[in-house]
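Please open the model in your viewer and keep the selection tool ready. This tour goes stop by stop.

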Amino acid sequence: MNNLKVSGVCWTTTVDCNMKCPICYAYYNNKDINPIISTKEKFLIIDRLVDEFELKKISFGGGEPLLTKDIFELIQYAKLKGLKVALHTNGKLLGREKLQRLNNILDELSIPLDGAYAEQHALHRSDNKHYEEILSLLEIVKSYNIKTDISTVVTKKNVSKLKDIFLILKKHSVYKWKVFRFYPLGRGYVNSKEFFLTEDEFLKNTLFLKSSDDSIQVDIRNSNARTMRSYINITPNGEISMICGSSYKSFGRILQLNDISKVLLREDFNFDGHQIRHWREK
């Protein structure tokens with residue numbers, strides 16, 4: 001199974017969140033999967049993934065991962081294991097104190113920006129103050145040794161303003177822009193009629209990015225059912241899961257599985273798509 005490489009995993013550390021974004025893809029309204037495992041068990045999960053897959057990167061997300069009581073311990077442990085470590089956060093709980101704790105142990109900080117102005121961003125995030133908080137945070141993080149990227153979920157509400165968002169990111173010297181086509185999952189599935197964008201519309205409106213200057217690294221992700229099967233997700237209570245259609249499917253707790261690769265192979269995990277997305281980690 002050595003050819004079945006897994007370079008990166010996404011760990012949802014909690015389903016709790018301090019925002020209620022209508023486009024959210026996280027486990028929707030399911031408090032039963034919140035952590036019932038100890039920090040020591042979480043360390044063992046990281047050990048298992050590194051040993052079995054020669055893992056290169058781990059991304060911690062949520063919900064809001066900064067609501068996870070041991071998130072700093074998890075980040076530090078993953079870093080000590082030699083992994084590239086990313087944190088996907090809405091940024092509302094980030095301040096200088098937390099950034100100082102993350103300094104030199106966090107490789108990538110990913111925060112959202114879904115609009116070229118506050119009102120448009122709020123259509124995705126349901127918070128009129130969040131836009132300015134993100135722009136302020138982009139200035140603050142420049143003082144720390146943490147690479148910061150922006151994630152934008154493209155829907156029919158913001159697709160016409162992508163060029164304007166691009167100019168904002170250039171102004172703030174963002175090093176990477178991850179551009180996702182909206183995928184109906186979690187709370188986003190409930191609100192899909194309001195936000196859904198066709199593949200043709202997405203590709204047509206992101207075409208300009210391929211010819212843009214290289215001051216920003218652009219990662220265009222045309223989310224579809226096959227692409228979503230290239231993500232390995234870990235639930236808060238330590239189960240391995242994959243996105244199947246419009247829901248998550250769990251395959252058992254990582255520490256109790258004999259061979260995770262066999263499970264992924266049986267469930268038609270998209271190994272090729274996974275490696276294409278993680279070519280930098282290779």
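Which residues form one aromatic cluster with Trp177? Select Phe166 and Phe208: with Trp177 they form one aromatic cluster. Rings of Phe, Tyr and Trp (its six-membered ring) pair if their centres lie within 6.5 Å; planes under 30 degrees apart count as stacked, over 60 as edge-to-face and the rest as tilted.

Before going on, note that this is a predicted model: local features need pLDDT of at least 70, side-chain atom pairs count only at pLDDT 80 or more, and totals for chains, interfaces and linings use all residues. Residues are numbered from 1 along each chain as its sequence is written, and side-chain values use heavy atoms, with hydrogens and water left out.

**Stop 1: helix α6**

Select residues 162-171, which make up helix α6. Helices (H or I, at least four residues) and strands (E, at least two) are DSSP runs, numbered from the N terminus. Leu162, Ile165, Phe166, Ile168 and Leu169 are the buried residues of α6. Buried means under 20% relative accessible area, exposed over 50%, partly exposed in between (1.4 Å probe, protein chains only).

Now look down the axis of α6: the buried residues fall within an arc of 160°, so they line one face of the helix. The arc is that of the directions from the helix axis to the C-beta atoms. What do these buried residues pack against? Show α5 (130-140), β5 (147-154), β6 (176-181) and α9 (199-206); the buried residues of α6 pack against these elements.

Turn to the other side of α6. Lys163, Leu167 and Lys171 are exposed there. The charged end of lysine 163 sits over the ring of phenylalanine 208, 5.4 Å from its centre. The test is NZ of Lys or CZ of Arg within 6 Å of the ring centre and within 35 degrees of the ring normal.

**Stop 2: the cores**

Select Phe60 and Trp177. They touch the most other members of the largest nonpolar core, which has 69 residues. Such a core is a set of buried Ala, Val, Leu, Ile, Met, Phe, Trp, Tyr and Cys residues joined through side-chain atoms within 4.5 Å. A second, separate core has seven residues, including Phe180, Tyr183, Tyr231 and Ile243.

Stay with phenylalanine 60 and leave aside its neighbours within four places in sequence. Its contacts (heavy atoms within 4.5 Å) include Trp11, Pro65, Ile71, Leu87 and His88.

**Stop 3: aromatic pairs**

How many aromatic pairs does the structure hold? There are six. Pick phenylalanine 43 and tyrosine 77: this pair is stacked, 4.1 Å centre to centre, with 15° between the planes. Phenylalanine 43 is in helix α1 (residues 39-53) and tyrosine 77 in helix α2 (residues 71-80), 34 residues apart. Next, pick phenylalanine 269 and phenylalanine 271. These rings are edge-to-face, 4.9 Å centre to centre, with 85° between the planes. Both residues are buried.

**Stop 4: the sheet**

Switch to cartoon. The open sheet has 10 strands in the order β7-β6-β5-β4-β3-β2-β1-β8-β9-β10, with mixed pairing. Two strands pair if DSSP finds at least two bridges between them. β7 (217-221) and β10 (247-253) stand at the edges, each with a single partner strand, so one side of each has no neighbour in the sheet.

Go to β5 and β6. They run parallel, joined by six bridges. Threonine 152 has valine 179 in β6 as its bridge partner.

Then select strand β9, residues 239-244; five of its six residues are buried. Five bridges join β9 to β10, and these two run antiparallel. Glutamate 239 stands opposite arginine 253 in β10. The hairpin of β9 and β10 has two residues between the strands, and glycine 245 in the turn has a positive phi of about 70°.

**Stop 5: two buried residues**

Is serine 110 buried or exposed? At 3% relative accessibility, serine 110 is buried. Find it in strand β4 (residues 108-112). Leaving aside neighbours within four places in sequence, its contacts include His88, Asp149 and Lys178.

End at valine 6, in the segment before β1 (8-12). Valine 6 is buried, at 1% relative accessible area. Beyond neighbours within four places in sequence, valine 6 contacts Phe53, Ile232 and Phe271, among others.
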